[in-house]
Amino acid sequence: MELSLDHRKEGDRTVLEVGGEVDVYTAPKLREKLVELVGEGHHQIVVDMTKVEFLDSTGLGVLVGGLKRVRSHDGTLVLVCNQERILKIFRITGLTKVFPIHDSLDEALADS
């Protein structure tokens with residue numbers, strides 16, 4: 001399955017919708033999109049992962065890199081994820097302590 005990336009503004013946040021598989025082959029596209037968004041001045045990013053089918057360690061690394069990138073501009077990177085199999089990866093790796101993770105986009109947008 002291919003990776004889909006769409007972004008839009010929601011108030012002062014930028015929502016990046018990610019769909020499909022985030023793996024060693026597709027993660028560079030996600031990295032490029034995050035670099036592009038931060039480069040364009042989007043520093044409050046919500047990554048909506050509700051349509052992600054698969055996430056591997058390369059994808060996790062890209063998300064951590066994106067978090068570092070926005071934090072260097074005093075920004076935030078918040079995740080939306082409601083799939084147990086993806087949430088399990090974040091719990092196992094301890095990244096639930098690094099990323100604010102919400103069940104819904106509305107909840108993530110309300111987080112400040």
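Is Asp-74 buried or exposed? Asp-74 comes out exposed, because its relative accessible area is 72%; exposed here is over 50%, buried is under 20%, and partly exposed lies in between, with a 1.4 Å probe and protein chains only. My other notes follow.

1. Ground rules. This is a predicted model, where local features need pLDDT of at least 70, side-chain atom pairs count only at pLDDT 80 or more, and totals for chains, interfaces and linings use all residues. Residues are numbered from 1 along each chain as its sequence is written, and side-chain values use heavy atoms, leaving out hydrogens and water. Helices (H or I, at least four residues) and strands (E, at least two) are DSSP runs, numbered from the N terminus.

2. The sheet. Five strands make up an open sheet: 5 strands in the order S1-S2-S3-S4-S5, with mixed pairing. Two strands pair if DSSP finds at least two bridges between them. At the edges sit strand S1 (4–10) and strand S5 (101–102), each pairing on one side only.

3. Strand pairs. S1 and S2 run antiparallel, joined by 7 bridges, and His-7 has Leu-16 in S2 as its bridge partner. The hairpin of S1 and S2 has 2 residues between the strands, and Gly-11 there takes a positive phi near 65°. S2 and S3 run parallel, with 8 bridges between them; Gly-20 stands opposite Val-52 in S3. S3 (residues 44–55) and S4 (residues 76–80) also pair in the parallel sense, over 5 bridges, and Asp-48 has Val-80 in S4 as its bridge partner.

4. Helices on the sheet. Helix H2 (residues 57–71) packs on the sheet and touches strand S2 (13–22), S3 and S4, with its direction at about 145° to that of S4. Helix H3 (residues 84–93) packs on the sheet too, touching S3, S4 and S5, and its direction makes about 115° with that of S3. For these angles, axes are lines fitted to C-alpha atoms, for helices over the stretch in contact, and angles run from 0 to 180 degrees between N-to-C directions. Contact means heavy atoms within 4.5 Å.

5. At 1.5 Å a residue, the 15 residues of H2 should span 21 Å, and its end C-alpha atoms are 21 Å apart, which agrees; the expected span is 1.5 Å times one less than the number of residues. The buried residues of H2 are Gly-59, Leu-60, Val-62, Leu-63, Gly-66, Leu-67 and Val-70. They sit on the same side of H2 because they cover an arc of only 160° around the axis, the arc being that of the directions from the helix axis to the C-beta atoms. These buried residues pack against S2, helix H1 (27–39), S3, S4 and H3. The face turned away from the buried side carries the exposed residues Ser-57 and Lys-68.

6. Start of H2. A side-chain oxygen of Asp-56 reaches to within 2.9 Å of the backbone nitrogen of Thr-58 at the start of H2.

7. H1. The check on span works here as well: 13 residues at 1.5 Å a residue should give 18 Å, and the end C-alpha atoms of H1 are 18 Å apart, which agrees. Ala-27, Leu-30, Lys-33, Leu-34, Leu-37 and Val-38 are buried in H1. Their arc around the axis is only 130°, so they lie on the same side of H1. Their cover includes S1, S2, S3, H2 and S4. On the other side of H1, Glu-32 and Gly-39 are exposed; for Glu-32 the relative accessible area is 55%. Just after H1, Gly-41 takes a positive phi of about 95°.

8. Thr-14 in S2. S2 is mostly covered, with 8 of its 10 residues buried. Thr-14 is found in this strand and counts as buried because its relative accessibility is 1%. The side chains of Thr-14 and His-42 are joined by a polar contact of 2.7 Å. A polar contact is a pair of N or O atoms within 3.5 Å; within protein, one must be able to donate a hydrogen and the other to accept it, and residues adjacent in sequence count only if both atoms are side-chain atoms.

9. Back to Asp-74. Asp-74 is found in the loop between H2 and S4. Its phi is near 55°, a positive value in a residue other than glycine. Most residues other than glycine have a negative phi.
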